[in-house]
Amino acid sequence: MIPESQEGVPGTRPEGIRDETEAAAHVREMFGRIAPRYDLLNHILSLDVDKLWRRRVARAFRDVLQDSRARVLDLCCGTGDLAFAFRKLAPHGARITGSDFVPEMLARARSKAEALGAAVDFLEADALQLPFDNATFDLVSCAFGFRNLANYERGLQEILRVLKPGGAAAILEFAEPPGPIFGALYRFYFRRVLPRLGGLISGSSAAYSYLPRSVSKFPAPAELKIQFERAGYVSVNFERWTGGIVTLHTARKN
């Protein structure tokens with residue numbers, strides 16, 4: 001069941017935002033502000049577990065990544081960490097592209113690619129209007145970015161459009177963990193500690209106050225599974241990691 005605060009809302013709605021256009025502009029500007037400290041904060045606030053999560057996603061799609069004929073798209077790629085995890089697992093495998101609509105994030109992704117010598121293409125693109133032909137990719141991934149889309153249904157439809165028949169979608173997202181004790185501890189950290197620490201380091205308290213609110217309003221894993229199925233995906237599954245803090249959603253195009 002969709003949480004009451006999310007009911008009737010097609011995608012993210014930061015506080016005070018009225019529609020999809022405003023939501024997208026707000027998210028772009030917010031992530032542009034925190035881009036200089038984005039990697040540092042990801043690693044500090046997750047106690048470095050975010051690196052493990054990305055490696056685990058890459059291992060789940062090792063067969064695709066090691067196919068030199070395959071094409072992979074990492075949506076909302078930020079500074080490129082998931083795309084680099086893909087490349088590291090298969091240095092001479094699939095052609096990997098990262099896309100994001102925040103220029104400041106992409107500038108850092110390209111700098112990192114050059115420093116690492118990683119063959120990853122990065123381009124600026126809106127996840128709701130991708131500049132790719134139908135049936136282009138064997139795998140489309142998105143790590144911690146899908147929650148920020150202004151319209152989740154359109155996001156799923158766009159991913160489905162650019163996937164080849166038989167291609168896979170993989171969305172890694174935060175979730176509210178089940179269980180009274182761990183759930184309570186998580187919510188205290190996520191809602192009280194993380195915004196203050198994130199704001200202190202990044203200089204943007206608004207961005208790290210938005211994070212826990214956006215997670216609490218995001219569809220629960222079972223509800224997102226239903227949205228995948230409604231969009232036309234098959235073999236839809238999800239698995240919770242690290243006590244339910246994050247969930248990997250996977251599905252295929254028929």
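I take a residue as buried when its relative accessible area is under 20%. By that cut-off, buried residues make up 53% of the 254 residues in this chain. I note that the model is a predicted one.

**Entry: the whole chain**

I looked up the secondary structure and found 10 helices and 7 strands. I then checked the overall dimensions. The C-alpha atoms fill a box of roughly 45 × 40 × 35 Å along the principal axes.

Next I looked at contacts with a separation of 6 or more, and 72% of them join residues 24 or more positions apart.

**Entry: surface and charge**

I read off an accessible surface of about 11800 Å² for the chain, with 53% of that area belonging to carbon and sulfur atoms. I also looked up the charged side chains: 34 are positive and 29 are negative. The centres of these two sets lie 4 Å apart.

**Entry: threonine 79**

I picked one residue to look at in detail. Threonine 79 sits in the loop that runs between strand E1 (71-75) and helix H5 (81-89). Is threonine 79 buried or exposed? Its relative accessible area is 3%, so I record threonine 79 as buried.

I then listed its neighbours, leaving out residues up to four places away in sequence. Threonine 79 touches Tyr38, Asp39, Phe84, Met105, Arg108, Ala109 and Lys112. With aspartate 39 there is also a polar contact, side chain to side chain, at 2.5 Å.

Conventions
Residues numbered from 1 in each chain as written. Predicted model: local features only at pLDDT ≥ 70, side-chain atom pairs only at ≥ 80, totals over all residues. Heavy atoms only, no water. Helix = DSSP H or I, 4+ residues; strand = E, 2+ residues; numbered from the N terminus. Buried < 20%, exposed > 50% of the residue type's maximum accessible area, 1.4 Å probe, protein only. Polar contact = N/O pair within 3.5 Å; in protein donor to acceptor, adjacent residues only side chain to side chain. Contact = heavy atoms within 4.5 Å. Areas by Shrake-Rupley, 256 points an atom, 1.4 Å probe, with all protein chains shown as cover. Lys, Arg positive; Asp, Glu negative; His and termini not counted. Charge placed at Lys NZ, Arg CZ, Asp CG, Glu CD.
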